[in-house]
Amino acid sequence: MSARRQVEHLLEFIDVSPSPWHAVASVETQLLSFQFVKLDEADKWQLKPAGRYYVVRDDSSVIAFVLGQKPLLETGFKIIGAHTDSPGLRIKPKPAIGMDALLRLGVEVYGGPILATFTDRDLSLAGRVVYKNEQGHIVSKLISFDQPLLRLPNLAIHMNRAVNEEGLKLHKQFELPLILSQLSEQQLPQDYFLALLQQQIGVEATRLLSWELNVYDTQKGTLWGAEQEFYADSQLDNLASCHAALQALIDDSVLSAEATVVCGLFDHEEIGSESNKGADGSFLPDVLQRIAWTQQIQGEDLVRSYAKSFMISADMAHAYQPNFPNAYDSEHKVRVNEGPVIKVNVNQRYSSESVSAAQFAGWCEQAGVPYQTYSHRCDLACGSTIGPMVSARLGIRSVDVGSPLWAMHSIRESAGMYDHAYLISVLKTFFVS
Ligand code: CO
C-alpha cells in the first residue's frame, strides 16, 4: 500500500471513530474481517495454536493478539501499546443550561486540550448511552450525531482587544458551555436535551439512565501541502498510533509470526491511565497471564516469559515548528516526514533507555526506515505515555516512540504523510524479527 493510501485509510478510520468507544468498535470491525475471534473476560479461555483473538474491556480498551508459531517461553511477548482517548470536552450529567433564550450544554474538560482550538468549529457529540431495555436489562449503545450540532463562538475582537497579544483564555466553568439550540419559554432545557437523545437512539427518554458523550469536530481529515505531503485531523494523538499498530498486526507476515504478538489500545491515557481499563490497570497483565496459563506457563516461567518480552509504547512526538524555534532543544528538532522518533527522558517520563532505544534503531535499519531522537527542553515539563507504567508493572523492557506531530492536543493536529508509512513498516519488522 502506498504511503498516501495508508494515510487515507487512517483518516477514514478517524472519521468513523469520533470517540474512544467508536474507535474500539472500528478496531473490532477490522479485526473481525481478519478472522480474529472475540474473547469474553468472564468465560474460560481455550486458545488454539496460532489463533487470533481480541478482548474488549468496557467498550473503549481493546487487546488483540496472535499466538506465535514458537513457544512463548522461547520468544516472550512482543507488545505494541497505544491509547484510544484524546483530550477534549465531555458532556456533564445534567448538561442543559437554559438562559437568554438559548440552550447550552455544560461540559467538563477531559485531559489537557488546547481549549482555544475548540472555538468556531463545527462540533458534534458522540459516545455511549446507557438505558433500560424493554426486558428491564441495562444496555449501552454507541451514538453519534453526524451533523454539526454544537458551537463555541469566540468573543469578537472588539470585546477582547488583547486576544492577539495575550492569547485566548477560556474560563473552564463559565466560558465553555456549548450552544445547542434556541429555546422558547415553554421548553424545559433538560427535557429538550433528553428528547434529542431519544430521537437519536430510538429509546424513550424515561428509559435513558446515563451517558458518556465526547465533543468532536465534524470536519473530515484531509491531506494538505503543495505536494499533499502533510495531513490533518482530530485525535491524531493517538489514533494514528492505534491505526499503525493495528495495520502492523494484521499484516500477513505478522499473522504467522514466531512470537506471540500483542496490540494493546487503552482508554484513559490522557487522564493518567489509572482505571479498570487504563494501561496502569489490570487489563494487560490479566490478558498476558491468561495467554500464558492456557499454555501451562505459570509461576517462574511466566516471569521468564516477561524477561524475554519487549514493548513498544507508540504515542505521538513533538514535530519542530520553525515559527517557534525557542520552544525546542536546538539539537533535538524532529522533523515531519523524517521517520519515527525515539523519545528519551532521563526522569523516565518515557520508558526508553539506551538498550531499548538501540534495539528500536536496529528495527528501523532493518525496515529501511529513518529515525530521529527527541529530548524535551529541560526547563519545560515533559508529557508522559503508557510506556513507563506498563514497563514498571510487568518488568518488560520498553521503548517510547512516535510519529512527529504538530499542535499536540489541538482539536486539529497535523503530521507528515510519509511518517505514518514508516511507523507501520518498523512496527511490522519489530513483530516478526
Ligand atoms: Co498521546
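Predicted model: local features only at pLDDT ≥ 70, side-chain atom pairs only at ≥ 80, totals over all residues.
Helices here (H or I, at least four residues) and strands (E, at least two) are DSSP runs, numbered from the N terminus.

Residues are numbered from 1 along each chain as its sequence is written, and side-chain values use heavy atoms, with hydrogens and water left out.

**Overall build**

The protein chain has 12 helices and 20 strands. Its C-alpha trace spans about 70 × 60 × 40 Å along the principal axes. For the radius of gyration, taken over C-alpha atoms, the globule rule is 2.2 Å times the number of residues to the power 0.38. A compact globule of 433 residues would come out near 22 Å, and the protein chain agrees, with 22 Å.

Buried means under 20% relative accessible area, exposed means over 50%, and partly exposed is in between (1.4 Å probe, protein chains only). Contact means heavy atoms within 4.5 Å. Among contacts in the protein chain with a separation of 6 or more, 77% come from residues 24 or more positions apart.

Some terms before the geometry. Axes are lines fitted to C-alpha atoms, for helices over the stretch in contact, and angles run from 0 to 180 degrees between N-to-C directions. Angles under 35 degrees count as roughly parallel, over 145 as roughly antiparallel, 65 to 115 as roughly perpendicular and the rest as oblique. A crossing is left-handed if the near helix is turned anticlockwise from the far one by less than a right angle, and right-handed if clockwise.

| Helix pair | Axis distance | Crossing angle |
|---|---|---|
| H2 (residues 20–33) and H6 (residues 236–249) | within 11 Å | roughly 15 degrees |
| H6 and H12 (residues 417–432) | 8 Å | about 45 degrees |

The axes of H2 and H6 cross at roughly 15 degrees, and that makes H2 roughly parallel to H6. Their crossing is right-handed. On the H2 side, Ala-23, Val-27, Gln-30 and Leu-31 do the touching, and they meet Leu-239, Leu-246, Gln-247 and Leu-249 in H6. The residues of this contact of H2 with H6 split into six nonpolar, two polar and no charged. For that sorting, Ala, Val, Leu, Ile, Met, Phe, Trp, Tyr, Cys and Pro count as nonpolar, Asp, Glu, Lys and Arg as charged, and the others, Gly among them, as polar.

With H12, the angle is about 45 degrees, and that makes H6 oblique to H12. H6 passes H12 in a right-handed crossing. H6 brings Ala-240, His-243, Ala-244, Ala-245, Gln-247, Ala-248 and Leu-249 to this contact, and H12 answers with His-420, Leu-423, Ile-424, Leu-427, Lys-428 and Phe-431. The tally for the contact of H6 with H12 is nine nonpolar, three polar and one charged.

Most residues other than glycine have a negative phi, and most peptide bonds are trans. The peptide bond from Asp-237 to Asn-238, however, is cis, with omega near 15 degrees. Ala-101, in the loop between strand E5 (88–99) and strand E6 (102–110), has a positive phi near 65 degrees. Asn-337 also has a positive phi, about 65 degrees, without being a glycine. Asn-337 sits in the loop between strand E15 (317–318) and strand E16 (341–343), and counts as buried at 17% relative accessibility.

**Around H11**

In helix H11 (residues 387–394), Gly-387, Pro-388, Val-390, Ser-391 and Leu-394 are buried. Their cover includes helix H8 (283–293), helix H9 (300–307), strand E14 (310–314) and strand E18 (397–402). Just after H11, Gly-395 takes a positive phi of about 75 degrees.

Ser-384 is in the loop between strand E17 (372–374) and H11, and is partly exposed, with a relative accessible area of 29%. Leaving out residues up to four places away in sequence, Ser-384 touches Glu-269, Asp-315, Arg-349 and Tyr-350.

Phe-283 lies in helix H8 and is buried, at 0% relative accessible area. Not counting residues up to four places away in sequence, the contacts of Phe-283 include Glu-41, Val-55, Ile-63 and Phe-266.
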